[in-house]
Structures are given as C-alpha cells and as structure tokens.
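Open the model in your viewer and keep the selection tool at hand.

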Amino acid sequence: MNTTARYLLVILGLVISIHYILSFANESYGRATAISSIKNHIYGTPSEDTITVPPPLNPNTDITTNPDVANDPASSEHLAVDRRANATFVILCRNSDIDGTVRSIREIEDRFNRRYQYPYVLLNEVLFTEEFKKRIRVLTSAKVEFGLIPPDHWYQPDWIDEVKATEGRDKMVANNIIYGGSVSYRNMCRFNSGFFYRHPLMQKYRWYWRIEPDVHFHCDINKDPFLFMEDNNKTYSFTITMYEYEATIPTLWKTVKEFKDKHPEYIAQDNALGFMESGDKYNLCHFWSNFEIADMDFWRGEAYSAFFNFLDEKGGFYYEV
Ligand SMILES: Nc1nc2c(ncn2[C@@H]2O[C@H](COP(=O)(O)OP(=O)(O)OP(=O)(O)O)[C@@H](O)[C@H]2O)c(=O)[nH]1
Ligand SMILES: [Mg+2]
C-alpha cells in the first residue's frame with residue numbers, strides 16, 4: 001500500500017471513530033445521524049397520524065400501546081423470554097426531569113428490558129407535557145402509561161398543623177439539614193411511602209421496580225429479578241443501605257416502637273428488627289429506595305397499611321424530613 005492510501009485509511013479510521021464517540025456521547029448528534037433519521041430525511045418523517053395510539057381510558061390515563069394486547073400472554077410470542085412476572089417499572093418524576101428520565105429508560109432498556117418488555121408507569125402530580133410523553137414513547141416498544149397523581153395522594157393534608165410544620169422546616173433550614181425547607185420533598189416521601197401502589201395505573205400489577213431520573217445500570221442483567229423474587233418468596237430488594245441523618249427523623253423510632261408495642265399481631269416472628277435496632281435504639285440503617293424491587297401485595301396488606309396510617313396520623317412526614 002502506498003503512503004497516500006495509508007494516510008487515507010488513517011483519516012477514514014479517525015472519522016469513523018469520532019462519529020462513534022459522538023454518537024454515544026452526544027444524544028442529539030446520535031439521533032441526527034441515526035440511519036432511520038437519515039432515511040426520514042430523504043423519504044419524509046411518518047406523521048403522528050400514522051402511529052396508532054389508542055385513546056386514553058380516562059383523563060388521568062394515557063396509554064401508548066393496547067393494554068389488553070400487552071398483558072395477553074399469547075401476545076408475548078415476540079419476547080425473548082417465555083415467562084414474565086406481573087410487574088412494572090415505576091418512575092415518579094417532573095416534566096423538568098425529562099433528560100434524566102430518558103437516560104435512565106435508555107439504560108434499563110439496553111441492559112435488561114429490550115428482552116423482557118416490562119411496562120412502565122410514569123407518575124407526576126401535574127400532567128406530563130406532550131413533549132415529555134413523545135420523548136419517552138420513542139425509547140421502548142413496551143407499554144408506557146402516564147398517570148396523574150390524585151391531589152389527596154400528594155399534597156399536605158389539611159389536618160397538618162401548618163404552624164408546627166413551618167417551625168420544623170425553619171429549624172431544619174437554620175441547621176442546614178438537607179431538604180429541610182422543601183415541602184415538595186415531604187410530599188414525595190409521603191407519596192412513595194404510602195400512595196404510589198394505590199395509584200389506579202398500578203392496581204393491575206403485583207411487582208414494581210423503582211427507577212429514578214439519571215440512575216445508571218452498568219452491567220447487562222441477564223436474569224429476571226422479578227421472577228427470582230417470585231420464585232424465592234422474596235418481598236423487598238435493595239442495593240444499598242446507609243446511615244440516616246438522625247436530625248431528619250427525631251421522633252421516627254419512638255413512633256415505630258409505639259406502633260410495635262400497640263400491634264404485636266403485625267410483628268413477624270422472623271422479623272428484621274435486629275438489622276435496625278441496637279438495644280432499643282435505632283441504629284440509623286435504612287434502605288435507599290432510589291432503587292427497589294418489591295411486592296406491592298405487602299404494601300397493600302393489613303400490617304403495612306396500619307403502619308403507614310399510624311405514621312401518617314402522627315404527621316411526621318411534614319413535621320420532620
Ligand atoms: N413529580 C414529582 N417528582 C418528584 C418531586 N420531587 C422528587 N420527585 C421524584 O421523586 C424521586 C425521589 O426524589 P429525589 O429528589 O431523587 O430524592 P432522594 O432520592 O431522596 O434524594 P437523592 O438522594 O438526592 O436522590 C425522583 O424520582 C424524583 O424525580 C416532585 O416534586 N414532583
Ligand atoms: Mg434520588
């Protein structure tokens with residue numbers, strides 16, 4: 001090979017490498033240079049009208065694919081698996097979280113869900129914008145539903161003493177406590193503790209896998225964790241536990257103990273109190289719920305419902321963080 005040909009080969013190699021690096025590193029470049037995008041440029045983009053989207057079932061619901069078909073085992077012939085759990089991903093997010101949500105869904109699709117096609121439920125206390133829904137729908141061929149959270153599942157209840165709540169927040173702000181002044185953070189904590197599994201869109205599912213905007217899945221997941229949990233009689237799974245900031249939950253353990261003493265019938269024989277209690281003091285170990293897979297039958301059951309109602313009635317979701 002002569003020198004010019006060698007230079008040409010090196011330059012070609014460089015151009016291809018830069019193209020691939022940019023495709024992965026820069027979302028808009030990747031989209032703009034995708035073959036399908038170039039094809040659309042030449043032949044024209046299919047208009048919205050050519051995409052069949054069934055009408056929403058009710059104003060709070062917006063489904064991208066036919067739920068009957070998606071849930072029908074006979075329709076799962078195209079799947080790489082022959083068995084799936086009755087499960088969904090759930091993502092609580094704001095319209096402003098769109099970029100991080102896109103990144104999370106793209107990663108979980110690549111690493112796991114392109115083979116399993118588990119559906120997604122996205123929840124928000126305000127309506128998702130059309131732009132948001134459009135950008136999410138193109139990421140997966142699995143069913144995607146967008147739900148509006150009922151106001152009484154989200155906002156601070158009327159019976160909370162606002163003077164006491166404000167005092168608590170102000171004190172936490174003064175002490176530089178994380179999320180100390182945020183009411184929306186408290187709404188989110190209460191919703192994730194006692195309401196997401198009651199949302200109408202979640203009712204048909206038993207298992208969920210919580211995903212947040214901007215989380216990462218670094219490895220391929222070649223086994224179905226939902227089925228693992230179902231087959232091995234597991235209820236809750238997590239990836240990390242951390243020490244809680246004590247200042248954010250000054251009365252939590254006292255309240256937990258009160259519940260425990262009042263309701264021994266709800267305390268399992270082989271319970272995990274030893275994991276959380278040192279003597280009768282809370283050792284501050286807590287699961288990070290940013291990632292969790294769990295059985296909603298447990299949250300919906302009598303014992304947890306009684307526990308959540310007990311915590312809620314004490315008002316700690318608003319008087320603490
Ligand atoms: N719709 C909506 N979603 C929210 C709101 N606040 C938080 N979220 C979502 O709730 C989840 C948890 O919120 P984060 O801010 O990550 O709270 P966190 O996990 O305790 O905090 P980090 O440790 O900082 O991640 C994420 O999926 C957020 O997108 C809100 O006001 N509205
Ligand atoms: Mg988080």
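An axis here is a line fitted to C-alpha atoms, for a helix over the stretch in contact, and an angle between axes is taken between N-to-C directions, from 0 to 180 degrees. The model on screen is predicted.

**Stop 1: two helices**

Select residues 98-116, which form helix 5, and then residues 130-137, which form helix 6. Two packed helices are described by the angle between their axes and the distance between the axes. For this pair, the axes come within 10 Å and cross at roughly 15°. Angles under 35 degrees count as roughly parallel, and helix 5 and helix 6 are therefore roughly parallel to each other. The crossing of helix 5 past helix 6 is right-handed.

Now show the side chains where they meet. From helix 5, pick Ile98, Thr101, Val102 and Ile105; from helix 6, pick Phe132, Arg135 and Ile136. Sorted by class, this contact has 5 nonpolar residues, 1 polar and 1 charged.

**Stop 2: the ligand**

Which residues surround ligand 1? Select Leu92, Cys93, Arg94, Asp97, Asn124, Glu125, Ser184, Met188, Glu212, Pro213 and Asn290 to see them. This shell around ligand 1 divides into 4 nonpolar, 3 polar and 4 charged residues.

**Stop 3: the whole chain**

The protein chain has 15 helices and 11 strands. It has 321 residues, of which 18% count as buried. Among its contacts between residues at least 6 apart in sequence, 83% join residues at least 24 apart.

Terms used. Residues are numbered from 1 along each chain as its sequence is written. Chains are lettered from A and ligands numbered from 1 in the order in which they are written. This is a predicted model: local features need pLDDT of at least 70, side-chain atom pairs count only at pLDDT 80 or more; totals for chains, interfaces and linings use all residues. Helices (H or I, at least four residues) and strands (E, at least two) are DSSP runs, numbered from the N terminus. Angles under 35 degrees count as roughly parallel, over 145 as roughly antiparallel, 65 to 115 as roughly perpendicular and the rest as oblique. A crossing is left-handed if the near helix is turned anticlockwise from the far one by less than a right angle, and right-handed if clockwise. Two residues are in contact if their C-beta atoms, placed from the backbone, lie within 7 Å. Ala, Val, Leu, Ile, Met, Phe, Trp, Tyr, Cys and Pro count as nonpolar, Asp, Glu, Lys and Arg as charged, and the others, Gly among them, as polar. A residue is near a molecule or strand if its C-beta atom, placed from the backbone, lies within 6 Å of it. A residue is buried if 20 or more other C-beta atoms lie within 10 Å of its own, exposed if 12 or fewer, and partly exposed in between; C-beta atoms are placed from the backbone.
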